[in-house]
Amino acid sequence: MSDFSKEAIPSLLYQIIDAIIIVDSKKDSYQTIKKTGLFETFLEETGTYQKLVEKLWFHFNDSSSKISDDYHVFIPMIGQFKGKYVDRIKLHFNDSNHLIQISIYPLDDENKYLFLLDELDNSEYLREFLTDKKIDTIQSSFLFSMYVDLFKDIAYSINVTEISSNPQNYDIKYSAWRMMIVNMIWPEDQKLFLERTDPEYLKKNLMPGRTTSFDCQMKNLKDVFIWVKLIFSRAETTNEDDFRFVFMVQDIHDSSIQLLNSLKKYEELASKDTLTEIFNHGRIETEISNSIESFNTVKIPVTYMMIDIDFFKKVNDQFGHSTGNVVLKQFVDVIMNFTKDYNIITGRWGGEEFVCVCYDIKIDKAKELAEKLKQKIAETPFEKIGQLTCSIGLTELLKGDTAPVLFDRVDQAMYEAKSSGRNCIIVK
């Protein structure tokens, strides 16, 4: 050991460190003092500090894929280090992965830093990889976490798991973070986000030791909106004025999509007629109410068509209900194929009666369409029974109409069509 003196240490360190960089954050610049190995091509001689931070931290682990530009707003904060800092990052460079240890030392000037970069060997990379896999198994769904002190308005120990398993060595005003991150929230969810993350809301609604959460859509680092759960947990202390929280973002996208698909499926089941698979009575009744509301707000004309199969009871009596069901399904197919090019919503009112809500169609045009539909049905050969006809009642939505008034009018029109010998159209 007597071969070394303290005077020899700087030269010795210079020899064994892979890359040495001097950074001036105030001037947004850096200068590479030494670079060997992969750093010979990875690092420029000089450049902007912002680009260096982006190069080192703003990519995904084990990937050269860059993080969404929206999140680059945080680069200036990540580049401000408080005291000494050590991190391990993974770089994907020249088609291979590299584990890098970064040691950062503030210099006398608080805006200047000394960066020491070393590539670790393969065994260390494997050990790091296996450790990360264990962590991923436990916390793979947590994308982001930080500590928040509302009294000091500070967020710190910020960890973005897709970038690094280590917390970042910078802090940010919590109030500033809210206004920056809100731009990554789905527009329709931004109001809820600002309400639930408001310091006064958290102080009022979250007692010590309690946790609150809410779901929303948030843009991830790949610039894609996903479903996340935002979680606030208040630290349990004896000081009632100690408003410290842990904040976490959990990826719940896959489970949320599965849930939404299931809800959509059950919503459709609740809205559909099981035989004909068009809207059932309740859902078409809702459509009538919606059309009235739409008419009152945007003034789009709406007409209503009630269709009844003529002498359908004879079909059931002569051929049986199973044949009657086949006829009903075929009858609906004719209506749906005929109306597919128009903004017409069709539902089964009950038995052999059907209602069509015809948007942006005035009464004269609706009567013309009804004539063509009636003719189409009369010309269609139905399975086992041959031809059949239908009676149609028509009415147009008028100012001041309510759903009961409207239905009574179209029902009366259809009744008069049946009473007038069937296979005809009456307008009321």
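Helix α10 covers residues 281-298, and at 1.5 Å a residue its 18 residues should span 26 Å. The expected span is 1.5 Å times one less than the number of residues. The end C-alpha atoms of α10 are 25 Å apart, which agrees. Helices here are DSSP runs of H or I with at least four residues, strands are runs of E with at least two, and both are numbered from the N terminus.

Before I go on: this is a predicted model, where local features need pLDDT of at least 70, side-chain atom pairs count only at pLDDT 80 or more, and totals for chains, interfaces and linings use all residues. Residues are numbered from 1 along each chain as its sequence is written, and side-chain values use heavy atoms, with hydrogens and water left out.

Back to α10. Which of its residues are buried? They are I284, E287, I288, S291, I292 and F295. Buried means under 20% relative accessible area, exposed means over 50%, and partly exposed is in between, with a 1.4 Å probe and protein chains only. Seen down the helix axis, the buried residues of α10 fall within an arc of 140 degrees, so they line one face. The arc is taken from the directions from the helix axis to the C-beta atoms. An α-helix has 3.6 residues a turn, so residues three or four places apart point the same way. On the other side of α10, E293 and T297 are exposed.

What do the buried residues of α10 pack against? The partners are β13 (302-309), β14 (344-350), β15 (353-359) and α14 (403-419). Contact here means heavy atoms within 4.5 Å.

Next, the strands. Two strands pair if DSSP finds at least two bridges between them. Strand β6 (residues 112-119) pairs antiparallel with β1 (residues 19-24) over six bridges, and I21 stands opposite F115 in β6. Strand β5 (residues 96-106) also pairs antiparallel with β6, over seven bridges, and a hairpin of five residues joins β5 to β6.

F115 comes up again in the largest nonpolar core, which has 64 residues; W57, F115 and W177 have the most contacts inside it. A nonpolar core is a set of buried Ala, Val, Leu, Ile, Met, Phe, Trp, Tyr and Cys residues joined through side-chain atoms within 4.5 Å. Helix α3 (residues 49-57) gives this core its largest share, five residues. A second, separate core has 30 residues, including V334, I344, C356 and I392.
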